[in-house]
Amino acid sequence: MIEKPVSGVFSTVDRLLLIALAAIAGCTFAAVASASHWPLVGDASLLRYVVFLLKSGYAPYSQIIDINLPGSYFLEAAAMHVLGSGAIGLRLYDGALSVVICACAVILSKHGFRARACALVGALLIVLIHLRDGVVQAGQRDYAILAVVLLGYVLLLRGPFATRPAGSWLFGLMVGCAVTIKPTILLLVLLPLYASFLRHQQARDAAKRFSGVFVASLLPIAGMFFWLHTWHAIPAFFSAMQIARRSHSGLAHKTPSFLLAHSIQPATLLLLLGIGLLALRQFKVDDESKLLLFGAAAGLGSFILQGKGFPYQRYPFLGLIVVVIFGLVADELGSQPLNRVLAAAALALSCFWWVPRFALEVSRYDRVEPFQDSLAHTLAALHAGPGDVQCLDTVGGCVNVLYDQHLVQSTGYLYDCYAYAGPADARTTYRQSLLSAVEAARPRYIVLTSEFSLDSQGWPQRINEWAAMREYLGKNYVLKASWQPAQALHWWHQPETPPSFEIFGRK
């Protein structure tokens with residue numbers, strides 16, 4: 001039981017909470033100001049390039065060889081249309097996702113200043129962890145999934161239809177939208193069934209409600225396939241999913257112990273404090289917290305299923321677990337002395353230790369993009385135009401430059417990593433189709449980068465593994481230009497050397 005604290009203690013706790021909230025809000029503002037000057041790089045540039053190609057009339061999956069789901073394109077296209085297609089537009093989109101996450105966390109909290117303030121502290125901590133993850137994590141798909149899932153929780157628990165079946169159906173609709181971005185979050189469709197179990201509903205009523213949720217979750221998926229049908233791209237979509245299943249799923253795969261250890265970083269101590277608070281409560285929480293924990297379990301499942309341990313892939317788990325923990329902190333700040341100490345420790349560590357350090361790290365990240373600048377300058381000097389360039393790259397930045405320059409690539413192949421990793425027969429098939437496309441397009445320039453994406457090897461070892469492509473380059477192309485980075489680039493908390501490139505011109 002939570003004891004009502006005396007007035008003096010209550011006011012002191014709230015004043016300290018207000019100071020903590022001011023501290024984390026100030027650090028978040030400073031971090032956002034630093035991030036506002038970051039360039040448009042990483043997966044966001046790749047997805048926006050796909051949207052650019054779609055707007056140019058290229059068909060998805062048949063003419064644009066990509067493994068991302070259409071939901072990712074829809075989100076990027078909407079963000080580009082409303083907020084802009086450049087670096088500033090990406091920062092606004094990322095900021096909009098952060099605002100949605102913060103607003104939903106506050107709406108899902110209990111009534112009262114303490115609960116609302118703690119919820120906002122937890123949400124701002126999520127935002128700062130996201131910024132601390134680095135420049136290339138802006139607008140990531142799993143960050144958008146967290147925002148969509150939290151919106152679903154608001155509709156389920158706080159919306160105008162929260163006490164009616166329509167609330168569950170709207171939640172199912174949000175889950176369906178998330179699945180069109182990444183299917184690994186599909187477990188969440190079972191949450192309303194779990195809610196029926198918690199409420200001790202009869203099996204018939206629970207089955208009826210779940211049926212409605214399941215149908216609602218299928219609507220966005222049906223819309224996705226209708227869109228694919230309008231492009232006559234359903235067979236090509238399934239072919240792309242085969243590439244994802246056979247080649248992509250096995251790349252850079254991490255062990256379960258690695259994934260579990262990295263799923264909560266850098267908030268491992270916060271999780272331990274949360275478990276301590278739960279233990280002091282004899283692991284008793286309200287039904288809404290149980291539903292949020294179910295969502296966190298689904299997020300953890302999504303992180304493990306993806307298997308790569310990339311920072312952005314942990315957001316659905318990390319976000320929901322932080323929301324739950326700060327709900328506990330709000331409850332226990334006015335409880336027994338030991339409970340209060342653990343809750344205050346979680347608050348103090350977050351607002352006065354982690355947060356200032358994260359904001360400082362973010363302020364030190366580089367705002368330059370030397371690879372992109374150099375490649376763009378070189379291609380301009382070579383008078384490269386639409387259809388003139390083919391990238392042999394994955395996410396090293398070559399496609400990024402084509403997007404910045406509004407240049408259509410000579411083929412629809414955006415990756416080369418699947419030519420070097422995955423099952424042998426899949427590699428052979430991918431190599432043959434990519435090389436055939438290059439031979440048919442006869443690009444003026446081929447850009448070979450040294451990016452170390454997933455399990456592929458850097459240049460020149462990577463191309464040496466592909467004898468047919470090496471021979472084709474040697475017979476038909478000559479080296480025109482090359483570039484080597486002069487120093488490491490600080491785009492996240494561990495500086496890395498940018499990729500180099502070589503440009504081959506057709507003889």
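## Cavities in the model

Leu47, Ser72, Leu75, Glu76, Tyr93, Gly139, Arg141, Ala144 and Ile181 line the second largest cavity. The model you are looking at is a predicted one, and a search through the whole structure turns up 2 cavities of 30 Å³ or more.

**Second largest cavity**

- This cavity holds about 40 Å³ of space.
- Two helices, H3 (70–83) and H6 (141–157), each supply at least two residues of its lining.
- H3 makes the largest contribution to that lining, with 3 residues.
- Sorted by class, the residues around the second largest cavity are 5 nonpolar, 2 polar and 2 charged.
- Glu76 and Arg141 are among the residues that line this space.

**Largest cavity**

- About 240 Å³ of space lies in the largest cavity.
- Its lining is made up of 20 residues, and those nearest the centre are Leu108, Ser109, Lys110, Ser289 and Gly327.
- Four helices each give at least two residues to this lining: H4 (87–108), H5 (113–132), H13 (287–306) and H14 (315–332).
- H14 gives the most, with 7 residues.
- The lining of the largest cavity comprises 12 nonpolar, 3 polar and 5 charged residues.

- For the largest cavity, H14 is the top contributor to the lining.
- For the second largest cavity, the largest share of the lining comes from H3.

Note on methods:
Residues are numbered from 1 along each chain as its sequence is written. This is a predicted model: local features need pLDDT of at least 70, side-chain atom pairs count only at pLDDT 80 or more; totals for chains, interfaces and linings use all residues. Side-chain values use heavy atoms; hydrogens and water are left out. On a 1 Å grid over the protein atoms alone, a cavity is a set of points where a 1.4 Å probe fits but cannot get out, and a pocket is an open set with protein on both sides within 12 Å along at least five of seven lines; lining residues have an atom within 4 Å of a point. Grid points are joined across faces, edges and corners, and a volume is the space filled by probe spheres set on the points. Ala, Val, Leu, Ile, Met, Phe, Trp, Tyr, Cys and Pro count as nonpolar, Asp, Glu, Lys and Arg as charged, and the others, Gly among them, as polar.
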